[in-house]
Amino acid sequence: MKLCFNGATTRDNATLKEDLAYCEKHGYDFIEIRTEDKLPEYLKSHTLADLNQFFTESRLKPLALNALVFFNNLGEAAYKEMMKQFQEMLHVAEQLNIPYIVAVPLITKQPLLREEIRKSCVETLSTLAEEAQQSKVKIALEFVGHPDCTVNTFADAYRIIEDVNRENVGLVFDCFHFHAMGSNLEDLQQADGEKIFIVHIDDTDDFPVGALRDEHRVWPGEGAIDLAGQFTALTAIGYSGPVSVELFRPEYYQLPAEETIRKARETTLRVLKSTLSHF
């Protein structure tokens, strides 16, 4: 497994340019690029060609554009805007040789039937898969462990991916999201590891199921998540792809960015080495 850095971990205390420099310095293999804020800010004074040159010359490589928010159960105008955003992201991914675009399900207070959600997700992801068919870019669905997210458990997300049944559509497995809504480890143990494209590692304060929010995340190995159980299951089903550290802790945004990036790597490696004998 190779190590990746998700730009959310320094959302408020580093630019993309700083992330790139510090991740290269501290030995990360990959980076997930935030498209909501960090990439647009970078492109105010740089070009995609500049970014491509950096990746060409660096050992650090781009893993994903994060993220397409939101993609399912949208009205006509919102759907058109989402498709426009996806096409723009697809262009960027192709220019920078980025293998994945992360897609996040709708978060809403409006109650929707599970069948409505599943139908919309399958139809939309199938459309996105067709759009990306001529490229090498794949779409990674990230279920979100929040009560208001339309897809908030591993089981529901995996069923959607099975229904889509496309080689270029898979999952993001986020340790926090799996824990936050009480996803079942047995569901993971029965899954196909090839359908999981990216793993996000994190940990959390010990709040009950349904009460956890992103700001409760803590350094890997310093919280309540059964990371050993999750990674044992992931390796057993054949996952050997990148592990990307993604934290949203407000206190961590107050640290110097380089310290955050160094500590994220240090704590992640400690967990992986203690859990995986072959790491």
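Predicted model: local features only at pLDDT ≥ 70, side-chain atom pairs only at ≥ 80, totals over all residues.

Me: Why is the pair of F143 and F154 called edge-to-face?

Reply: The ring centres of F143 and F154 are 6.2 Å apart, and rings pair if their centres lie within 6.5 Å. Their planes stand at 75°, and planes over 60 degrees apart count as edge-to-face. The pair is therefore edge-to-face.

Me: What makes this pair tie together parts that are apart in sequence?

Reply: F143 lies in the loop between strand 5 and helix 6, and F154 in helix 6, so the pair ties together parts 11 residues apart in sequence.

Me: How do you know whether W219 and Y252 are stacked or edge-to-face?

Reply: Their ring centres are 3.9 Å apart and their planes at 15°. Planes under 30 degrees apart count as stacked, so the pair of W219 and Y252 is stacked. W219 and Y252 are both buried.

Me: Which residues lie nearest the centre of the largest pocket?

Reply: They are E36, V69, V104, D214 and F248, out of 23 lining residues. The largest share of the lining, 3 residues, comes from strand 3.

Me: What makes up the lining of the largest pocket, by residue type?

Reply: The lining divides into 9 nonpolar, 7 polar and 7 charged residues. The volume of this pocket is about 540 Å³.

How values were computed:
Residues numbered from 1 in each chain as written. Heavy atoms only, no water. 1 Å grid on protein atoms, 1.4 Å probe; cavity = no way out; pocket = protein on both sides within 12 Å on 5 of 7 lines; lining within 4 Å. Points joined across faces, edges and corners; volume = space filled by probe spheres on them. Helix = DSSP H or I, 4+ residues; strand = E, 2+ residues; numbered from the N terminus. Nonpolar A, V, L, I, M, F, W, Y, C, P; charged D, E, K, R; others polar. Phe/Tyr/Trp six-rings, centres within 6.5 Å; stacked < 30°, edge-to-face > 60°. Buried < 20%, exposed > 50% of the residue type's maximum accessible area, 1.4 Å probe, protein only.
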